[in-house]
Amino acid sequence: MPKRVQSPSSINLYKQCPRRYFYQYILKYPTKENIHTVRGNVVHEALEKFFDIDVASAKIGKENYTKEFSMYMKRLFDACWSNASPRFQRLGLQSESLEHYQSDSMQMLANWLNHFFADIKTELDKDILFDVAFQKLKPVALEKSYVDNDLMVRGFIDVVHQEGEDIILIDYKTSKSSELKDEYMLQLGIYAMLYEKEHGKYPKKVGLWFLKDRLITINVTPKLIKDALFEVEQIHIATDSASIGEYPKKESGLCKFSTGQCDFYDLCMKQR
Ligand code: SF4
């Protein structure tokens, strides 16, 4: 079979359960949205749009930036949340539960904003103009899609930052835990590989912005790249078949959990 384009998500899904990968990526059965994906999209959208602001036109400066940016972020979040309301309605959550996620999501953005204020202050302490400080902290690219047609892998990078000559790639996470799990290391390694393929040099660092907590970055090392490359090669070998028998079930707590179940649970259990 021809190779499929893989991604950090598809590789991690295969590692969780090959059968689930088969349903989702080989048979292309649709998956359902859940509160975590929809609210994650809303938070990502607000963060992406945040940097569209023209601070000079909005008359934002040293004296009023905390108040103005806080109000601006709240307006952005409310608009993005409201745009997603048909998706939220389809989830059928109770209103208290939805309100909890709404407030929790806004708190994540407030946390991110507090760190951003600290970064702005650090720049302003160097006695530079407010506009210059803002531009220095503004990412050079947002929501950037990369594909490597040789390795047949793609990635979607939330933020590309430049600090002097150094590039730092960052992905936003709305998860509870701020632990750099193996699945995240794989994602970061793939991002670094994709960036190098497109731009001819590796980023200096890659990291995850855990929005409930803080930004964690790591240096891009030969091991990070080697491990990611190995996983990409392995997934192509493991998915070189369209036969269900080659994709064993891997039952775990992800089959059924307190707030839901695997999208393919009923189908999968019938095929025992
Ligand atoms: S129900 Fe469990 S075993 Fe079946 S596809 Fe989903 S995760 Fe895999």
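The following legends describe close-up views of a predicted model.

**View 1. Division of the protein chain into two domains.** Between domain 1 and domain 2, 11 residues of the former are in contact with 11 residues of the latter. On the side of domain 1 that touches domain 2, six residues are nonpolar, one is polar and four are charged. A distance of 24 Å separates the C-alpha centres of domain 1 and domain 2.

**View 2. The open sheet of five strands.** The strands follow the order β1-β2-β3-β4-β5, and their pairing is mixed. The edge positions are held by β1 and β5 (215-219); each has a single partner strand, so one side of each lacks a neighbour in the sheet. With direction ignored, neighbouring strands of this sheet are turned by 35° against each other on average.

**View 3. The hairpin of β1 and β2.** Strand β1 (residues 141-148) pairs with strand β2 (residues 153-163) in the antiparallel sense, and seven bridges connect them. Tyr146 stands opposite Gly155 of β2. Four residues lie between the strands of this hairpin, where Met152 adopts a positive phi near 55°.

**View 4. Pairing of β2 with β3.** Strand β3 (residues 166-173) runs antiparallel to β2, to which it is joined by five bridges. Val159 has Ile170 in β3 as its bridge partner.

**View 5. Contact between helices α1 and α2.** The axes of α1 (residues 8-16) and α2 come within 5 Å and cross at roughly 135°. The two helices, α1 and α2, are therefore oblique to each other. From α1, the contact involves Ser10, Leu13, Tyr14 and Gln16; from α2, Pro18, Arg20, Tyr21, Gln24 and Tyr25 take part. By class, the residues of the contact of α1 with α2 comprise five nonpolar, three polar and one charged.

**View 6. The shell around the ligand.** Surrounding the ligand are Cys17, Arg19, Arg20, Lys249, Lys250, Glu251, Leu254, Cys255, Cys262, Phe264, Tyr265 and Cys268. Two or more residues of this shell are given by each of the elements α2 (18-26) and α10 (265-270). Seven shell residues are nonpolar and five are charged, with no polar residue in the shell.

Conventions. Residues numbered from 1 in each chain as written. Predicted model: local features only at pLDDT ≥ 70, side-chain atom pairs only at ≥ 80, totals over all residues. Near = placed C-beta within 6 Å. Nonpolar A, V, L, I, M, F, W, Y, C, P; charged D, E, K, R; others polar. Pairing = 2+ DSSP bridges. Domains from an automatic or database assignment. Contact = placed C-beta atoms within 7 Å. Axes fitted to C-alpha atoms, helices over the stretch in contact; angles between N-to-C directions. Parallel < 35°, antiparallel > 145°, perpendicular 65-115°, else oblique.
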